[in-house]
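Let's take a walk through this protein together. Keep the picture open while you read, and try to find each spot as we get to it.

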Amino acid sequence: MSSSGPSPATGIHASPPLGLLPATGTHHTRSWGKTTSTSFTGSTTKHEQSLHGNVKPLQLAANESSRLAYRSPALKNQWNLPASSSSTNVVTTFDDNEHVSSSVIEEKVGVLLLNLGGPETLDDVQPFLFNLFADPDIIRLPRLFRFLQRPLAKLISTFRAPKSKEGYASIGGGSPLRKITDEQANALKIALEKKKLNANIYVGMRYWYPFTEEAIDQIKKDKITKLVVLPLYPQYSISTSGSSIRVLQDIVKEDSYFSGLPISIIESWYQRDGYVKSMSDLIEKELSAFSNPEEVMIFFSAHGVPLTYVEDAGDPYRDQMEDCIALIMGELRSRGILNSHTLAYQSRVGPVQWLKPYTDEVLVELGQKGVKSLLAVPVSFVSEHIETLEEIDMEYKELALESGIKNWGRVPALGCTSTFISDLADAVVEALPSASALATRKPDDIDSSMDLTHYLTKMLFGSILAFVLLLSPRLVSAFRSTML
């Protein structure tokens, strides 16, 4: 999700991304594995935002206006984008010309869905983890030590893989994230067609197949003339949407096709009425399953990020999460649901301070205070994955019951809920008129150390250091305690 403070053992900043690992996470630099892409051809939705440049708006009949996405000044400066822009990764394409409105018939619209990805088999776990930890937005090394990124990713993924494999084995041997994201892409295509918009939908994963780069390649081959980027993260964080945007920026600066392509990035969408009402519908339904619904505490569990991401790097994630909970509870109150609620953060890793309060500690405290009925709401995620199926459903449920909570329930992820998908389609449609060419990075943001000799030197010294670390029992122990 975002960045973390330095670990006393390693001096590294590390943070797990939302929804990928049981109690761990990192970013991906694509290096290991195969190549696959998923494409569907269908419609797109639009979200309120503006990017650099003057692009003539499409004349689309959008029924519902969306609220502007929140963007912190730090992020605005980082990406050189206007405050109302947003972004995300996804690759899926659908072709169907029967329902295209005449106003957009000359356009070839694409929608890029962004997500984290996940290992599909147990053999995929270690290379997947390598991709995560090799992402500089996950393990944030000082510039002087960035040559250690890949050796450290190799070391950490090697240590982490056995425990992560246990987690994935417990939910069937792999992550369901790709399958669910493909289903969401198909559902979005159909929803867009109902709104008279035909679009190619692409799904791009950050750390596993189909990678974002594969989706980008397909978008270029399909000669898309206008693109909406929609991350499947309701709230923005440096380590999720931000990392995927960085990949897009890198491509834009090097490719003349993309540098001139009108793009609209939906940075966050937790504040949309459709999302808020869809979440409230699910909560209301699960509450009704309890014998005494009015006594149930609503327990929002969000993926955590290191505190330094928020306090030092300007990540808006915490503010957006708190705002999101307030909106959902406001909607529930409007329906006469007055249950108490609390918010906590899960999946922390290592000895550094993360956003508080921590989910595991709060569960124990609630049990000690006499709370008997609890409804867990995974609020960072719109798809089932290891952090809902293993961490919440198994680890946290067991902890809650051991702590004295008698009645446990869990709200499912939104998945392909019709009202949710329909609102995403509205967001795409609303975003199209503001699409314009992305500004490229400034020269001083570009890594100038790409010549072969420098690269080989960095890899040599990094490999030597990793070898030394592997031979040092004390350092190995420190890494284990930090990363496991």
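## Cysteines

Start with Cys416, which is partly exposed, with a relative accessible area of 37%. Compare Cys324: at 0% relative accessibility, that residue counts as buried. Keep in mind that you're looking at a predicted model.

How many disulfides are there? The count comes to zero. In case the word is new to you, a disulfide is a covalent bond between the sulfur atoms of two cysteines.

## A helix tucked inside

Now find helix H2, which covers residues 125-133. Eight of its nine residues are buried, so H2 is largely enclosed by the rest of the structure. The buried ones are Val125, Pro127, Phe128, Leu129, Phe130, Asn131, Leu132 and Phe133.

What covers those buried residues? Part of the cover is helix H3, residues 149-170.

## Salt bridges that reach across the chain

The model has 20 salt bridges in total. One of them joins the side chains of Asp135 and Arg246, with 2.8 Å from N to O. Asp135 sits in the loop between H2 and H3, while Arg246 belongs to helix H6 (residues 238-254), so this pair ties together parts that are 111 residues apart in sequence. Both Asp135 and Arg246 are buried.

## A salt bridge within one helix

For a local example, look at Glu183 and Lys179, whose side chains meet in a salt bridge of 2.6 Å, N to O. They are four residues apart in helix H4 (residues 177-194), which means about one helical turn separates them.

Glu183 counts as partly exposed at 34% relative accessibility. Lys179 is exposed, with a relative accessible area of 56%; the cut-off for "exposed" is over 50%.

## Rings meeting rings

Next up are the aromatic side chains, which form seven pairs in this structure. Take Tyr257 and Phe258: their ring centres are 4.9 Å apart and their planes are at 90°, so the pair is edge-to-face. Tyr257 is partly exposed, at 23% relative accessible area, whereas Phe258 counts as buried at 1%.

Elsewhere, ring pairs link Trp208, Tyr209 and Phe211 into a cluster.

Zoom in on strand S8, residues 373-378. Six of its six residues are buried, so to speak "mostly covered". In a regular strand the side chains alternate between the two faces of the sheet. In S8, Ser373, Leu375 and Val377 point one way and Leu374, Ala376 and Pro378 the other, and all are buried.

Which strands pair with S8? Strand S6 (residues 297-303) pairs with S8 in the parallel sense over five bridges, and Phe300 has Val377 of S8 as its bridge partner. Strand S9 (residues 407-410) also runs parallel to S8, joined by four bridges. There, Ser373 stands opposite Asn407 in S9.

## One buried leucine

Finish at Leu332, in helix H10 (residues 317-334). At 0% relative accessibility, Leu332 counts as buried. What does Leu332 touch? Leaving out residues up to four places away in sequence, its contacts are Ser280, Ile283, Ile298 and Ile337.

Leu332 and Asp281 are 51 residues apart along the chain, and 8.7 Å separates their C-alpha atoms.

Definitions and conventions. Residues are numbered from 1 along each chain as its sequence is written. This is a predicted model: local features need pLDDT of at least 70, side-chain atom pairs count only at pLDDT 80 or more; totals for chains, interfaces and linings use all residues. Side-chain values use heavy atoms; hydrogens and water are left out. Buried means under 20% relative accessible area, exposed over 50%, partly exposed in between (1.4 Å probe, protein chains only). Helices (H or I, at least four residues) and strands (E, at least two) are DSSP runs, numbered from the N terminus. Contact means heavy atoms within 4.5 Å. Rings of Phe, Tyr and Trp (its six-membered ring) pair if their centres lie within 6.5 Å; planes under 30 degrees apart count as stacked, over 60 as edge-to-face and the rest as tilted. A disulfide is a pair of cysteine sulfur atoms within 2.5 Å. A salt bridge is a side-chain nitrogen of Lys or Arg within 4 Å of a carboxyl oxygen of Asp or Glu. Two strands pair if DSSP finds at least two bridges between them.
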